[in-house]
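Hi,

Here is the structure I said I would pass on to you.

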Amino acid sequence: MGVLSGSVPWYTMMVLGKKFSVFQKVDDTLAVFHTHAVAGLLGGVLTGLFAEPRLSALFLPVTNSQGGVYGGSGGVQILKQIVGGLFIVGWNLVATSIICVVIKLIVPLRMTEEELVIGDDAVHGEEAYALWGDGEKLSLYKDDTTRHGIIASSGATQVV
């Protein structure tokens with residue numbers, strides 16, 4: 001399970017994500033879909049496959065509840081896991097849609113094109129990875145202890 005839980009989401013992100021246009025149309029810079037949806041659904045299905053009968057009886061008092069590799073009615077547990085995963089997908093679609101509609105009534109969900117050109121971090125007055133030497137200047141005064149010897153930049157990100 002561990003090898004598949006790491007390699008299958010990676011494969012969907014690095015290989016399938018570049019092949020299929022449906023993955024390229026969604027702004028998922030942190031690979032949240034692959035990390036949570038793919039890995040979560042895969043973990044659920046594999047649990048249905050490898051569920052040990054004695055451990056299953058501890059959590060679910062249903063007789064013959066076992067994974068598919070243990071034979072018998074094990075395929076039923078895989079089906080239960082798939083149905084459970086599909087229920088969660090449906091629940092998330094409905095709940096997230098409702099939340100987004102309510103938020104959209106209060107504030108816009110997307111930034112304007114002008115704000116996107118500037119950058120979301122700059123719009124909020126932040127500067128990503130602002131390391132010394134990258135847009136900041138060393139103070140010429142040795143007694144400048146309040147700012148740790150750094151004068152803030154006056155670049156484009158500070159204008160907004």
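Below is what I found, starting with the overall layout and ending with a few single residues.

Before you dig in, this is a predicted model, so bear in mind that local features need pLDDT of at least 70, that side-chain atom pairs count only at pLDDT 80 or more, and that totals for chains, interfaces and linings use all residues. Residues are numbered from 1 along each chain as its sequence is written, and side-chain values use heavy atoms, with hydrogens and water left out.

The chain has eight helices and two strands. Both kinds of element are DSSP runs numbered from the N terminus, with helices (H or I) of at least four residues and strands (E) of at least two. From the N terminus on, the order is α-α-α-α-α-α-α-β-β-α. Of the 160 residues, 18% count as buried; buried here means under 20% relative accessible area, exposed means over 50%, and partly exposed is in between (1.4 Å probe, protein chains only).

Now the pockets. A pocket is an open set of points on a 1 Å grid over the protein atoms alone, where a 1.4 Å probe fits and there is protein on both sides within 12 Å along at least five of seven lines; lining residues have an atom within 4 Å of a point. Volume is the space filled by probe spheres set on the points, which are joined across faces, edges and corners.

The largest pocket holds about 390 Å³ of space. It has 16 lining residues, and Ala37, Gly85, Ile88, Val89 and Asn92 are the closest to its centre. Helix H3 (32-50) and helix H5 (74-106) are the elements that give two or more residues to this lining, and H5 gives the most, with nine. By type, the lining has seven nonpolar residues, nine polar and no charged.

What about the second largest pocket, and how much space lies in it? About 280 Å³. Its lining includes Met13, Phe23, Ala31 and His34, and helix H1 (2-19) and H3 each give two or more residues.

Ala31 is worth a click. It sits in the loop between helix H2 (21-24) and H3, and it is buried, with a relative accessible area of 7%. Most residues other than glycine have a negative phi.

On the surface, a nonpolar patch of about 980 Å² of accessible area is formed by residues including Val94, Ile98, Leu105 and Leu109. Patch members have over 30% relative accessible area and no salt bridge, with nonpolar side chains (Val, Leu, Ile, Met, Phe, Trp, Tyr) joined within 5 Å; areas come from the Shrake-Rupley method with a 1.4 Å probe, and for residues only the protein chains shown count as cover. Leu105 belongs to helix H5 and counts as exposed because its relative accessibility is 70%.

There is one salt bridge, meaning a side-chain nitrogen of Lys or Arg within 4 Å of a carboxyl oxygen of Asp or Glu. Glu52 pairs with Arg54, with the closest N and O atoms 3.3 Å apart.

Cheers

Terms used: Nonpolar A, V, L, I, M, F, W, Y, C, P; charged D, E, K, R; others polar. Patch = residues over 30% accessible without salt bridge, like charges linked within 9 Å, V, L, I, M, F, W, Y side chains within 5 Å.
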